Amino acid sequence: PTVTPDNTLQSHIPDIKIPTNVPFHQYLFEKCDLFKDQTAVDEFLTGRKYTYQQLKEKSIKVARGLYNMGYRKGDVVLAFSPNHIDYTVLMLACSTIGVWFSAANPAYTAEELSCQISHSECKAIFTIPFFAGTVKSALDIKSHPHKVKDLFVFGEAQGYQPFDTLLSGDGTTCPDVDIDPVKDVFILPYSSGTTGMPKGVMLTHYNCLANVLQALTSIHVSTEDRALGLLPLYHIYGMTAVQFSVLFSGAAITFLPKFEPETFLKCLQGKKITVAQLVPPLIIFLAKHPVVSAFNLTSLQKVVSGAAPLGAEVTIEFTKRFTHGVTINQGYGLTETSPVTNVDVTGTPGSIGNLVANTQGKIVDLVTNKTLGVGEVGEYCVKGPQIMSGYFKDKQATDHMIEPDGWLHTGDIGYASPEGLVFIKDRLKELIKYKGSQVPPAELEALLLGHPDVQDVAVLGVPDEQCGELPKAFVVKKPGSKVREEELVKYVEDKVAHTKRLRGGVLFINEIPKNPSGKILRRIMRDQYIKS
Ligand code: AYL
């Protein structure tokens, strides 16, 4: 049974063995030896590709190059780049020498990027020629001191060292670095978690290895599969769940640098993609857009939706259009859980399904923290080998999210069915999700408070059928101010990544409801202004 007598939830899948003594790259390199000349990664727009053998060799060479330049275990490097095949190489090179790999959203402005450069304490940045200027501007922002000493570019740009110059050695002997997979961090993606600004999520080699293996027990990928690498590699979904579930399985992954409808469909058709891991707006596009009918997508076998709720109606529409037998699974999780904790394989519309292997869940009362029974609504908590080791330099936020006995509070509200299927209904935490991408309200609030006409502000998400949620600002004007909505929307637009724009608009109000310690009462605001 998936619901135990004490109301904890467990997987319907038997536990699997997860090695505690194998660093992430080592596991994958063994697969590379197995799959040798098969294509591992390729790029749809350029046709560039690496076989498994080449992927391993290049990664070891770049690891050697970085090692020769003095990079050591515990140093941080940061990628600021769209998807391409050397992104994978860089990640595996970092793993090889115990360097922490962080990544920023390539849509970031210089200001946003400078926050992560500063906070992550990265020593090197890897970017593409097109963003060379943004990176330099970010480094010039004096209020965000940094520790960057090397700039690398995939290609060529003035003032940057070409990535290819890192290729050193014979590509077979790894630098001798002692990695403890359970303790040592592999990746440092950023997430705002329950509250506040984005924080570095420390995921160990073991966390990541465990989660790829766990995810594969629910979403099966085989050597014959051809997968789509459209979701951005800077976000945990693309970075581990998509990329490495494919590479652990000996399949090929085709990268696209961004979503563009025709190119996306041409890629699915031309590459005969069998597995597509996507986010809800892309599923909506496939289910509803007329242009889709002009393409032959019969190769498609498995579609996964994750990172935001997939409406029950969308699943039904999708199944109606794709009648050749495409399974549609919904995945759920958090950056803080590497990310996958649940996958629905039952096809139950609106459900995130059962837990993946080796994972436990429970629904707890929001006030008493007591475990609730089937059908009762509360906060969803999870426990397993994929739970992060903590937030970088933020013990307080870590302790707020993870209990001493290992239970992580997801900040999501839902309930479990008698079959142990979980349904997420609402969000307790302040995070807004626009097309599956994180929009931390605290960031937009801090920005708007810097505007001379803004006395006080709260940013909340308003529901949107296409995009999930749209950020909307509730603003108290300074006395006498005549500032208009358009001005504030434009003000934000100029300073943030396009995903964080105030697409929900601005509403001027008289007061932001707050508790005595000054915390915004978001639930009250939602009841008053959003839920009608
Ligand atoms: P982050 N349904 C509802 N909400 C979801 C879902 C879902 N299927 N998936 C993620 N969320 C929300 O860190 C939820 O509020 O990770 C959760 O706390 O950017 C938050 O998004 C976490 O946001 C996969 C593929 C998991 C992707 C992911 C999630 C990565 C998103 C499993 O197979």
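How do H2 and H3 lie relative to each other? The answer is in point 2.

1. **Basis.** This is a predicted model: local features need pLDDT of at least 70, side-chain atom pairs count only at pLDDT 80 or more, and totals for chains, interfaces and linings use all residues. Numbering runs from 1 along each chain as its sequence is written, and side-chain values use heavy atoms, with hydrogens and water left out.

2. **H2 and H3.** The axes of helix H2 (residues 52–68) and helix H3 (residues 85–96) come within 8 Å and cross at roughly 60 degrees. Axes are lines fitted to C-alpha atoms, for helices over the stretch in contact, with angles from 0 to 180 degrees between N-to-C directions. H2 and H3 are therefore oblique to each other. Angles under 35 degrees count as roughly parallel, over 145 as roughly antiparallel, 65 to 115 as roughly perpendicular and the rest as oblique.

3. **H6 and H7.** Helix H6 (residues 205–218) and H7 have axes that come within 9 Å and cross at roughly 70 degrees. That makes H6 roughly perpendicular to H7.

4. **Ligand shell.** The ligand is surrounded by 22 residues; His235, Thr335, Asp412, Lys429 and Lys433 are the closest. A residue is near if one of its heavy atoms lies within 4 Å. By type, the shell holds ten nonpolar, eight polar and four charged residues. Here Ala, Val, Leu, Ile, Met, Phe, Trp, Tyr, Cys and Pro count as nonpolar, Asp, Glu, Lys and Arg as charged, and the others, Gly among them, as polar.

5. **Where the shell comes from.** Helix H7 (236–247), strand E16 (327–333) and strand E22 (408–416) each supply at least two shell residues. E16 gives the largest share, four residues.

6. **Ligand oxygens.** Thr335 places a polar side-chain atom 2.6 Å from an oxygen atom of the ligand. A polar side-chain atom of Asp412 also lies 2.6 Å from a ligand oxygen atom. For Lys429, the distance from a polar side-chain atom to an oxygen atom of the ligand is 2.6 Å. The protein covers 99% of the 660 Å² of accessible area (Shrake-Rupley method, 1.4 Å probe) that the ligand has on its own.

7. **Backbone checks.** Most residues other than glycine have a negative phi, and most peptide bonds are trans. The Ser338 to Pro339 bond is cis, with omega near 0 degrees. Pro339 sits in the loop between E16 and strand E17 (340–344). Lys272, not a glycine, has a positive phi of about 50 degrees.

Conventions: A polar contact is a pair of N or O atoms within 3.5 Å; within protein, one must be able to donate a hydrogen and the other to accept it, and residues adjacent in sequence count only if both atoms are side-chain atoms.
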